[in-house]
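User: Please examine the structure shown below and answer a series of questions about its fold and its charged pairs.

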Amino acid sequence: MVLSSVGTYMYLGSRQSNVGAAPQEPTSATPSPGAFNLPGTMFMTQNGAIYSLSGGRFHQLTLAGNNGTGWMQLSLYPGNNLLAVNRQVLYSDVYVLNRFGTVVRKITSNNVAPRNPDPAARHWSFYPRLSTNNKTLFMSYDKPKFGFDVPMSIWSMPLGGNITRGKLWSIAIDYTGGDIQPLPLKSGALIYTKYSYGPSCGGLESQIWITNQPEQAYGGARVCYPPAGASHGRALTSPNEGCAQPTLSPDGKTMAMICTHKTQVSYLEVASWNGSRLGARRIIVSSQLVAQPTWAPDGTGLAYLAPAQLGAGFQLWWLPKAAYTPPTPSPVPPSPTPTRGVPASSPSPSPSPSPSVPPVVIKPVQMTTNLGFDATSPIVWIP
């Protein structure tokens with residue numbers, strides 16, 4: 001009986017998955033011999049540490065965090081530097097780092113009352129992003145506050161100034177987490193993700209919104225869904241789509257996003273963008289829990305994060321452009337036109353139709369295994 005029990009235990013143990021296993025550090029992972037290298041350098045975070053990926057190898061740039069602290073939510077800063085959020089227990093701040101992870105400057109000062117035991121005396125900055133002229137910092141910021149109700153709204157501030165010169169760009173909906181991931185446009189407009197409870201106030205939903213100007217004053221609208229004609233912009237997607245994490249292609253003509261459609265997965269979708277409205281959405285990945293889609297700097301494809309299996313850590317994936325761009329149809333030669341005064345020749349028999357060729361299905365390429373990247377932190381990819 002003892003031998004049988006031990007044998008059964010060893011057999012079942014050999015059949016267990018590694019879903020619950022702790023993720024490896026990226027620097028300890030060995031690239032697959034069959035993997036190919038993506039061009040340029042990518043920056044991602046895991047456990048509060050920033051890692052770069054170039055030439056098929058990871059490099060750790062900062063130390064890991066502890067109990068949720070550390071570096072997170074990267075974006076691009078001029079000179080191939082980084083904007084990054086440094087999260088502490090009761091506040092977070094935005095910093096500029098060089099591409100090797102060294103702090104260049106601190107932009108916000110949200111620990112304004114270090115000896116005050118009231119957490120409301122401190123502030124949170126998340127998802128920093130520069131305007132296209134590199135003069136204004138946009139971010140999610142926890143102001144105004146209503147006691148324990150702390151919705152994140154979109155704010156802007158001069159890059160050389162502070163939040164006292166800031167402007168409010170969105171009005172967050174209570175008890176939703178608020179508005180996140182600002183995406184400034186060349187036109188001066190701003191795209192962001194808004195969370196609300198939908199028109200029927202029936203459940204938490206995400207939408208991509210656009211607004212053309214800051215709010216003149218905070219109206220204190222305590223509703224579960226913004227009313228029609230609200231001053232803080234208009235929705236680009238419907239509540240039922242559940243879209244978030246918008247990102248524009250390098251040429252500015254296509255938007256990638258994730259959408260849930262009220263399911264337990266997040267689809268990777270793309271849509272044309274004309275500067276004010278989205279075209280029809282096309283689902284290009286529907287079998288994974290996709291996060292943080294990121295365009296290649298040359299527009300040749302999309303990178304994103306997703307688990308290799310449900311319940312496991314988020315891995316890096318690559319989807320080439322050919323996977324979601326329909327092939328250009330072959331031109332049809334024009335029919336011959338009879339010359340005046342010359343009798344038309346007898347029509348030639350129509351050629352037999354060529355057999356239809358099934359489209360080539362290009363699947364996403366899994367670039368990492370057994371890692372666990374931060375799915376709430378965008379990827380930065382520089383040439």
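Analyst: A residue counts as buried when its relative accessible area is under 20%, as exposed when the value is over 50%, and as partly exposed in between. The model is predicted.

User: Is Lys106 buried, exposed or partly exposed?

Analyst: The relative accessible area of Lys106 is 42%. Buried requires under 20% and exposed over 50%. Because its value falls in between, Lys106 is partly exposed.

User: Which residue meets the side chain of Lys106 in a salt bridge?

Analyst: The N to O distance of this pair is 3.7 Å, and the criterion is a separation within 4 Å. Lys106 belongs to strand β7 (residues 103–106), and its partner, 13 residues apart, belongs to strand β6 (residues 92–97).

User: Are Asp179 and Lys194 buried or exposed?

Analyst: Asp179 and Lys194 form a salt bridge, with their closest N and O atoms 3.0 Å apart. The pair links strand β12 (residues 179–184) to strand β13 (residues 190–196). Asp179 has a relative accessible area of 0% and Lys194 has 1%. Since the limit is under 20%, Asp179 is buried and Lys194 is also buried.

User: How many residues apart in sequence are the parts tied together by Arg281 and Glu241?

Analyst: The side chains of Arg281 and Glu241 meet in a salt bridge at 3.0 Å, N to O. Arg281 lies in the loop between β18 (267–272) and β19 (282–285), whereas Glu241 lies in the loop between β15 (234–235) and β16 (243–248), so the parts tied together are separated in sequence by 40 residues.

User: How many salt bridges does a search of the whole structure find?

Analyst: The search of the whole structure gives a total of four.

User: Which residue in β10 stands opposite Leu137?

Analyst: Strands β9 and β10 run antiparallel. Opposite Leu137, the residue in β10 is Met157.

Definitions and conventions
Residues numbered from 1 in each chain as written. Predicted model: local features only at pLDDT ≥ 70, side-chain atom pairs only at ≥ 80, totals over all residues. Heavy atoms only, no water. Pairing = 2+ DSSP bridges. Helix = DSSP H or I, 4+ residues; strand = E, 2+ residues; numbered from the N terminus. Buried < 20%, exposed > 50% of the residue type's maximum accessible area, 1.4 Å probe, protein only.
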